[in-house]
Amino acid sequence: MQRIYRCELTPEEYVASEAQRQVRPELVCPRCKQPGRLHRHGVYPRGITTSLGRIVRLWIARFRCGACRRTVSYLPSFALSYRLVQVATLEAFLAGAWSRRDVQAWEAVLKNYRRRMAMYAAQVVRTIGCAYGRAPPAPPRLWSWLKKACGGLEPATRRLVTDFGITLFQRYQCHQPKRS
Ligand SMILES: [Zn+2]
């Protein structure tokens with residue numbers, strides 16, 4: 001299972017400080033709800049883009065639950081699940097910051113992300129309903145609405161995964177709680 005945890009670092013700072021070593025698991029296993037059973041279970045690598053548009057390799061912390069024996073990995077919130085470009089670059093692209101170097105470097109990929117978000121917007125709107133305190137928007141206005149409701153792409157993504165097990169792009173099995 002994959003969780004997204006709030007991380008204030010940039011990808012570069014995460015790499016330089018080996019921040020995967022500082023990750024603390026939740027007190028309760030998100031799959032079986034047993035307390036105090038998550039233990040370190042290695043790391044795995046993934047790539048992410050930097051603020052200059054380069055790619056760096058990150059290590060993602062993984063834990064294993066001694067009760068249900070499932071693993072839980074903790075993705076820092078500057079990263080998107082299964083997507084190479086970091087959150088800040090996508091957010092800048094969506095805001096029209098065309099002159100940024102990272103936006104220019106990944107423009108074709110970012111257009112693809114935006115297309116994917118547009119295709120999935122109706123499903124996100126149906127899923128969240130009125131959970132964020134206001135009537136949900138028409139799908140084309142989803143992004144500007146979420147920005148106001150959650151404060152930005154990073155908290156929006158984190159909340160969608162935590163509260164509903166979805167991202168702005170699609171629903172992934174790794175975000176789903178244990179099926180009963
Ligand atoms: Zn468990």
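Here is a short walk through this predicted model, one selection at a time.

Before you click, note that residues count from 1 along each chain as its sequence is written. Because the model is predicted, local features need pLDDT of at least 70 and side-chain atom pairs count only at pLDDT 80 or more, while totals for chains, interfaces and linings use all residues.

**Stop 1: the two domains.** Colour residues 1-79 as domain 1 and 87-170 as domain 2; these bounds come from an automatic or database domain assignment. Their C-alpha centres lie 22 Å apart. Nine residues from domain 1 and eleven residues from domain 2 make the contact, where a contact means C-beta atoms, placed from the backbone, within 7 Å.

**Stop 2: the sheet.** Now show the strands (DSSP runs of E, at least two residues, numbered from the N terminus). You'll find an open sheet of four, ordered S1-S4-S3-S2 with mixed pairing; strands pair if DSSP finds at least two bridges between them. At the edges sit S1 (2-5) and S2 (38-49), each pairing on one side only. Select S4 (residues 71-76) next: four bridges join S4 to S1, and the two run parallel. Ile4 stands opposite Leu75 there.

**Stop 3: the core.** Which residues touch the most other members of the largest nonpolar core? Pick Leu38, Phe78, Ala79, Val87 and Leu90, out of 33 residues. Such a core is a set of buried Ala, Val, Leu, Ile, Met, Phe, Trp, Tyr and Cys residues joined through C-beta atoms within 7 Å; buried means 20 or more other C-beta atoms within 10 Å of a residue's own. At least three core residues come from each domain.

Finish on Leu90: leaving aside neighbours within four places in sequence, Leu90 contacts Val85, Leu110, Tyr113 and Leu153.

Notes. A residue is buried if 20 or more other C-beta atoms lie within 10 Å of its own, exposed if 12 or fewer, and partly exposed in between; C-beta atoms are placed from the backbone. Two residues are in contact if their C-beta atoms, placed from the backbone, lie within 7 Å.
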